[in-house]
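Visitor: Please show me the structure, and then let me ask about it.

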Amino acid sequence: MAAPTEILIATYNPGKLLEFQSMLAGSPFRLRSLNDFPSAQKVEETGDSFAANAVLKAQGYAAQT
């Protein structure tokens, strides 16, 4: 059996991670949070919209993890 695919939920908030775990219960994914990556540096939200900041964070944390 293959190892589960890991998905990073870019939050330090354990409650937010639990929300995602609940939504994805029964899926083959292993969810991880930024707490699992103590060396990750905060990605600055310098975009001009929520969507732009989401892209910055996704790319920044993907590169670090």
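**Fold and burial**

Guide: Along its sequence the protein chain runs in the pattern β-α-β-α, where helices (H or I, at least four residues) and strands (E, at least two) are DSSP runs, numbered from the N terminus. This is a predicted model, in which local features need pLDDT of at least 70, side-chain atom pairs count only at pLDDT 80 or more, and totals for chains, interfaces and linings use all residues. Residues are numbered from 1 along each chain as its sequence is written, and side-chain values use heavy atoms, with hydrogens and water left out.

Visitor: How many helices and strands does the protein chain have?

Guide: The pattern along the sequence is β-α-β-α. The secondary structure therefore comes to two helices and two strands.

Visitor: Where does Phe37 lie?

Guide: Strand 2 covers 29–33 and helix 2 covers 50–64. Phe37 is in the loop between strand 2 and helix 2.

Visitor: Why does Phe37 count as buried?

Guide: Buried means under 20% relative accessible area, exposed over 50%, and partly exposed in between (1.4 Å probe, protein chains only). Phe37 counts as buried because its relative accessibility is 18%.

Visitor: Which residues does Phe37 touch, not counting residues up to four places away in sequence?

Guide: A contact means heavy atoms within 4.5 Å. With residues up to four places away in sequence not counted, Phe37 touches Leu8, Arg32 and Thr65.

Visitor: What share of the residues of the protein chain count as buried?

Guide: The protein chain has 65 residues. Phe37 is one that counts as buried. The buried share of the chain is 20%.
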